[in-house]
Amino acid sequence: MAPEIKREKLCDGVYFSSITDKKFKTNLTVIRFITPLNAENVSANAIVPDVLAMSCAEYPTHADLCKKLNSLYGAYIGNQVIKTGDNRVLHMQTAFQMSTLLGKKINSDMTDILVKCIFEPATEDGVFSAKEFSIRKQSLIDEITAEINEKRSYARSKAEQAQFLRMNCWNTCTRNT
């Protein structure tokens, strides 16, 4: 049986896509934000998804969120940031086992949690928790240090950065002429 594929335009630049295949027992929900790759937002794009995936207003600590996810049969919420061409794609995602008895309830709960993590993050006086932010910041610093110590991937990263700078400069120069 072929998978059922649906795509619906919700508004300008926003689409809902659904792929349903009965042979899989895991549900994956992904929300993607695509932003232009530039030096001004690269740091925020690297750290904000990590902070968002760790808590929300309803579950203000990572421990609270994990407790809720565990009550949903080991559900998962996470993030990924990748570079695609001249864009940075920020993925926020949930994954959980489908249950024939509780599938719709878990799906609803997980969608609610994902939306709350993005649109109702845990904040203190309107900003991210200093403790959570510093933990994520240190984790990102550790990842960067590990990448620098892995010479092959670091050389590739620097080559990509140089290429981006040359292409960006070339695009700017050709637009101005």
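Modeller: Here it is, a predicted model. One cut-off before we start: buried means under 20% relative accessible area, exposed means over 50%, and partly exposed lies in between.

Biologist: Okay, N87 to begin with. Buried, exposed or partly exposed?
Modeller: N87 has a relative accessible area of 31%. Buried needs under 20% and exposed needs over 50%, so N87 counts as partly exposed.

Biologist: Which strand is N87 in?
Modeller: Strand β5, which covers residues 87-97.

Biologist: And what does N87 touch, leaving out residues up to four places away in sequence?
Modeller: I34, T35, P36, L37 and I82.

Biologist: Take L37. How far apart are the C-alpha atoms of N87 and L37?
Modeller: They are separated by 4.7 Å. Along the chain, N87 and L37 are 50 residues apart.

Biologist: Switching to the core. Which residues touch the most other members of the largest nonpolar core?
Modeller: L65, L69, I77, M110 and I113. That core has 17 residues.

Biologist: Which elements each supply at least two residues of this core?
Modeller: α2 (62-71), β5 and α3 (103-119). The most comes from α3, with 6 residues.

Biologist: What about M110, what does that touch beyond four places away in sequence?
Modeller: M110 contacts L69, L72, A75, Y76, T94 and F96.

Biologist: Rings now. How many aromatic pairs?
Modeller: The count comes to 0.

Biologist: Then what lies over the face of Y15?
Modeller: R7, at 4.2 Å from the ring centre.

Definitions and conventions
Residues numbered from 1 in each chain as written. Predicted model: local features only at pLDDT ≥ 70, side-chain atom pairs only at ≥ 80, totals over all residues. Heavy atoms only, no water. Helix = DSSP H or I, 4+ residues; strand = E, 2+ residues; numbered from the N terminus. Buried < 20%, exposed > 50% of the residue type's maximum accessible area, 1.4 Å probe, protein only. Contact = heavy atoms within 4.5 Å. Phe/Tyr/Trp six-rings, centres within 6.5 Å; stacked < 30°, edge-to-face > 60°. Lys NZ or Arg CZ within 6 Å of the ring centre and 35° of its normal. Core = buried A, V, L, I, M, F, W, Y, C linked by side-chain atoms within 4.5 Å.
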